[in-house]
Amino acid sequence: MLVLITYDVSTMDREGRRRLSRVAKKCVDHGQRVQNSVFECILDATQFRRLRFELEELIDKDTDSLRFYNLGDNYKSKVDHVGAKDTYDMGDPLIL
């Protein structure tokens, strides 16, 4: 399933900047960045639960926020892209 993850991490202090870096790295490990704080991740239900738990452990719930949008398995008809930063289809094989 495609899960869209967005976050807003307060960077008013050093610890906030560290949290931002950790959240971004965790998201990069599981999907592709499509905008500064927006990631598209192809995950199964177990991977999603684990990632959500790990992200929730990284943030400060008093100052930061996470949003998860589950677009399901038939996401291709639900996503339109216009403009720069073309994305790749995460379901296609990766050829190096």
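Is Asp8 buried or exposed in this structure? Asp8 is exposed, with a relative accessible area of 51%, where buried means under 20% relative accessible area, exposed over 50% and partly exposed in between, as calculated with a 1.4 Å probe on protein chains only. The model is a predicted one, in which local features need pLDDT of at least 70, side-chain atom pairs count only at pLDDT 80 or more, and totals for chains, interfaces and linings use all residues. Residues are numbered from 1 along each chain as its sequence is written, and side-chain values use heavy atoms, with hydrogens and water left out.

The protein chain contains two helices and four strands, these being DSSP runs numbered from the N terminus, with helices (H or I) of at least four residues and strands (E) of at least two. Read from the N terminus on, the elements follow the order β-α-β-β-α-β. Of the 96 residues of the chain, 30% count as buried. Among the contacts with a separation of 6 or more, 66% are accounted for by residues 24 or more positions apart, a contact being defined by heavy atoms within 4.5 Å.

Strand β1 (residues 2-8) includes Asp8, a residue that the UniProt annotation "binding site", taken from an unreviewed entry, covers. UniProt positions are given in the numbering used here, feature names are shortened, and annotations may be inferred rather than shown by experiment. When neighbours within four places in sequence are left aside, Asp8 is in contact with Thr63, Asp64 and Ser65. Leu4 also has its place in strand β1, and, not counting residues up to four places away in sequence, Leu4 touches Val38, Phe39, Glu40, Arg67, Phe68 and Tyr69. Leu4 and Val34, which are 30 residues apart in sequence, are 9.6 Å apart in space, C-alpha to C-alpha.

The packing of the two helices was examined next. Helix α1 (residues 14-28) packs with helix α2 (residues 45-58) at an angle of about 170 degrees, and their axes are 9 Å apart; the axes are lines fitted to C-alpha atoms, for helices over the stretch in contact, and angles run from 0 to 180 degrees between N-to-C directions. This arrangement makes α1 roughly antiparallel to α2, since angles over 145 degrees count as roughly antiparallel, under 35 as roughly parallel, 65 to 115 as roughly perpendicular and the rest as oblique. On the α1 side the contact is made by Arg19, Arg22, Val23, Lys26 and Cys27, and on the α2 side by Leu51, Glu54, Leu55 and Leu58. The residues of this contact divide into five nonpolar, no polar and four charged, where Ala, Val, Leu, Ile, Met, Phe, Trp, Tyr, Cys and Pro count as nonpolar, Asp, Glu, Lys and Arg as charged, and the others, Gly among them, as polar. Glu57, which lies in helix α2, is exposed, with a relative accessible area of 56%, and its C-alpha atom is separated by 9.7 Å from that of Val23, 34 residues apart along the chain.

Two aromatic pairs were counted, under the rule that rings of Phe, Tyr and Trp (its six-membered ring) pair if their centres lie within 6.5 Å, with planes under 30 degrees apart counting as stacked, over 60 as edge-to-face and the rest as tilted. Tyr7 and Phe39 form a stacked pair, 6.2 Å centre to centre with 20 degrees between the planes. This pair links distant parts of the chain, with Tyr7 in strand β1 and Phe39 in strand β3 (residues 38-42), 32 residues apart. Tyr7 counts as buried at 7% relative accessibility, and Phe39 counts as buried at 0%. The rings of Phe48 and Phe68 have their centres 5.6 Å apart and their planes at 80 degrees, so this pair is edge-to-face. Here too distant parts of the chain are linked, Phe48 being in helix α2 and Phe68 in strand β4 (residues 65-72), 20 residues apart. Both Phe48 and Phe68 are buried.

Strand β4 also contains Asn70, which is partly exposed, with a relative accessible area of 47%. Not counting residues up to four places away in sequence, Asn70 touches Met1 and Leu2, while Asn70 and Cys41, 29 residues apart in sequence, are 9.7 Å apart in space, C-alpha to C-alpha. In the segment after β4 lies Asp73, an exposed residue with a relative accessible area of 60%. Asp73 and Val3 are 70 residues apart in sequence and 9.4 Å apart in space, C-alpha to C-alpha.
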